Each structure stands twice: as C-alpha cells, then as structure tokens.
Amino acid sequence: MWTKLYHNLAKPRYDHVWIVLLLIAEALLSTLIVKRVPYTEIDWVAYMQEVTTYQNGERDYINIRGDTGPLVYPAGFLYLYGFFKDIATRSIDTTDPTGLGGSTSPEAIRIIQWVFVVLYVINSAVVLMLYNAVLQRMRQQQNTQSSTATMVWYWRIAMGITVLSKRVHSIFVLRLFNDAPAMILLHISMYLFACCDSWALGCVVFSLAVSIKMNVLLFAPGLLLLLLQKNQSLFGTIQHLSICASIQLFLGWPFLTTYPISYIKKAFEFDRVFFYKWTVNWKFLPEEIFTSKPWALILLACHLGVLGMLANKWWQSFISQLGDANARKPMRWTKCNKDKIRLSPEYVIYTMFASNYVGIVFARTLHYQFYCWYFYSLPMLLWLTSFGPSSSGDKFSKVVLPLVANVLAVAGVEYAFNVFPATELSSAALQMSHAFLLLKVLSSQVPSIQIDKEKMT
C-alpha cells in the first residue's frame, strides 16, 4: 500500500498541490513570526532617513545618509522604499518629531511587516515555480516509473528546504532589508528567462533588481553567457544589455543630471570597506588579514579564475551538445540564420545560480542579510549536481547518500548564518559547506542546454 501511495503521489497532478501546501505553510509561519517574534530595528530607520532626505529635494548622493552612514544603493531603492513609506504612513498619524512622517513608528513598521509577508510568499512562489520547471524536465527524461518517483520525491525535499530557513524569514519579515525585494525581482527575472523565454522583459526586471541593490550583478556573468547563446550574435546580446543599461539611466536620471559623479561613486560603491565584526564567512582570519588589500586581491583573482574555469566548461558543453558550428555563432556580429534556440530551464537556472554562487564563495565578506542572495540556490545546485536524469545504480549510493550529504551542506550554511556573533567554528562550517558545493559544481556535468529549435517565420 505504501509503495503504491509513494508512486501515486509522485504523479504530475500532485506537483502543484505540493507547491500550494508549501505556500500555505509559508504564509502561516510568516504570520506567526510577525505576531510572536519582536521586531528588531537595524536599518529601517536609516532607510526612512535616506528616503525622506531625497523626498525633501536632495539630489547629491553624498548628502543622502542615515544613522548607519551614507546611502550606498542605486536610485531604485529610494523609489521603492519611498513607496513603502507611503503605504506605512497612509493610515496613521504622521506627526513625528524626527521629521520622518511617522514612518518609524511601531504602527508603521507593523504595516510594512505585513507587506513583507506578502512579498515573502510571492518570492517563495516564484522560487518553487523555478524548481517545478526543473522537476518537469527531469520527469520527462526518466526511463522508469520507479526512478521517476524517486527523483520526484528527491526534488520535493529540495523544494521543502527552501521554506525552512530561520534566517531568511528574519531577513524578510523581521528586518525589512532591501536585499529581500532585490532578490524577489531577480527570481522573477530568472523565471522570465527560464520558463517564459522572455529575455527582453527579463532584462528589464533584472535591471530593476540591480537598481535596488547591486549584489544582483553577481548573476551578470552567467546572464551574459546566456544572452550570447540565446541571441547567437553579438548584436542581439548588445541589444539586451542596452535594455539593462537604459533602465539604470532612466531611474538614475534625476541624480545623473545633477550630481553624476556623486551618484555613480556612492550608488555603485565597488570599493566599499566592510567591518570585521559583521563578517560571517571569514571570522577565523585575523582582522589585519581580513582588511588587507592583498587578501582582497587574492579573493578577486580566485573569483575571476573560477568564473573563467566555469565559462570554459560551459562552452565546451555547448560545443559537445550543439556542435562546433553552433558554438561559434554567439561570437558573430549578426545572426547568420533564422533558427531560434530555446535554452532549457535547468540550464538557465543552473548557470545564473552558479555565477552568483562563485561570487559568494569568494566574497570579501558576507553579512547576515546576504544569506538571501543565495540560500534559494543551494538546494538547486546541490540537487542538480547529485541527481540528474542519467542517474543510475543502487538507490543507496545514488540517492540516499547524496541526499544526506546535500542536507548536511545546507544545514552547515544555515547553522553559520544563525550563530550571532559569528565565531571561528561557524565560519569554518560555512566555508566547508561552500567548498563542498563548489567542488560539485566544478566536477559535475552541465545540464542539457537546449530543449527545442524552431524555424522562425
């Protein structure tokens, strides 16, 4: 009976039931957190100070600051959090001796917490749809009913893990960090790329995500490779990149036309120095090494080197799967034929997540809120490198052992981000988990690149 139930519940008609159950659990858990766990102020007051300064007419980014320091986010952040401020203060007394229009009152903050609960559930829905898209592709490539059922439940466990992070819940509904809406937009852009084959609109949403927090640029190397392969020409790729650039110019126009140097320097502060006391990933290093320029250069070299290794690996897979002639097309100026390539969901998702993950591994520092930059990618990367459509052999070595190892790797990362303040042990656990996944990405096969090829009419 149990075997029959195991196989029946693995059928496609229950996939969306599983997603709905997870989303209901997410909504209930997030509601419980807001009602039972006290809000902790970290950046919201600073956000409102920066937004209010902008709303009062200031356009010089050097002069837009809050209690935590100068504003270091692009213009989209100001517009979005200005909108949040309006929502929070619309129905409350705006009399405020701080001059922030009541946006930092307990009533206003509680309103925004509910907004972030909604955003959190939306983000979870988009992420689960990404996982489900890969699941459908995996299901199509299985040979037997038994292997299909095993693979389905394997992936449903991965989907379940995406709703279990204590720290990510905190980042969204208890801290209200701008990392959260930035990642929602990033995940939506990935859905447009991978599941809708909508690259122009996806580039718009991707650029909007960058305008809220520039960490999204860690996904850019992967996106560039995908655009080259999708467009099969340099000209088509430049067109899509121009969409991204146009969004940045449009949003930053009020600042670029008044104090352009100030805006570019602060909104995209690539030389920003982080404090040792907040680092989660390098606490076992002496502070003098952590803050040193040589260490920063070593990490940058490792980041670029590994990206180069992955780019070469991806390109070799492109050649082996589609042929040398097709692999040369992306480097031509214009498209030489009317063939249209459709990149597979698993390839698009895996490429962008892997690109971001390499940046995370060699980041000079990771703060607690940075966890949401890559938490949702961990099960995807681990599972894709462990249990692909070609997996065969006994169930224990091919399924059970990889599953246990993957869960432990995710648990190691989760543990590190829930130890406050970070310790040498927690940072070491984080780096071991990072190294485990990085080695798997470097040693595993690249997913299938193409799903179909249509003749354009």
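## Two helices crossing

Helix H16 passes helix H19 in a left-handed crossing, meaning the near helix is turned anticlockwise from the far one by less than a right angle. Keep in mind that this is a predicted model, where local features need pLDDT of at least 70, side-chain atom pairs count only at pLDDT 80 or more, and totals for chains, interfaces and linings use all residues. Residues are numbered from 1 along each chain as its sequence is written, and side-chain values use heavy atoms, with hydrogens and water left out.

Two packed helices are described by the angle between their axes and the distance between the axes. Here, the axes of H16 (residues 345–361) and H19 (residues 424–443) come within 11 Å and cross at roughly 140°. That makes H16 oblique to H19 (angles under 35 degrees count as roughly parallel, over 145 as roughly antiparallel, 65 to 115 as roughly perpendicular and the rest as oblique).

## Who touches whom

On the H16 side, the residues in contact (heavy atoms within 4.5 Å) are Tyr350, Ala354, Tyr357, Val358, Ile360 and Val361. They meet Gln431, Ser433, His434, Leu437, Leu438 and Val441 in H19. Sort the residues of this contact by class and you get nine nonpolar, three polar and no charged ones.

Side chains of opposite charge can pair when their charged atoms come close. The structure holds seven salt bridges (a side-chain nitrogen of Lys or Arg within 4 Å of a carboxyl oxygen of Asp or Glu). In one of them, arginine 139 meets aspartate 15 at 2.7 Å, N to O. This pair links distant parts of the chain: arginine 139 sits in helix H5 (residues 106–140) and aspartate 15 in helix H2 (residues 15–36), 124 residues apart.

Aspartate 15 also meets arginine 156, again with 2.7 Å from N to O. Arginine 156 belongs to helix H6 (residues 145–161), 141 residues away from aspartate 15 in H2. Arginine 156 counts as buried because its relative accessibility is 2% (buried means under 20% relative accessible area, exposed over 50%, partly exposed in between, with a 1.4 Å probe and protein chains only). Arginine 139 and aspartate 15 are buried too.

## Another pair, and the network

Lysine 230 and aspartate 197 form a salt bridge at 3.0 Å, N to O. Lysine 230 is in helix H10 (residues 220–231), while aspartate 197 lies in the loop between helix H8 (179–195) and helix H9 (199–212), 33 residues apart. Both lysine 230 and aspartate 197 are buried. As for the network, salt bridges that share partners join Asp15, Arg139 and Arg156 into one.

Definitions and conventions
Axes are lines fitted to C-alpha atoms, for helices over the stretch in contact, and angles run from 0 to 180 degrees between N-to-C directions. Helices (H or I, at least four residues) and strands (E, at least two) are DSSP runs, numbered from the N terminus. Ala, Val, Leu, Ile, Met, Phe, Trp, Tyr, Cys and Pro count as nonpolar, Asp, Glu, Lys and Arg as charged, and the others, Gly among them, as polar.
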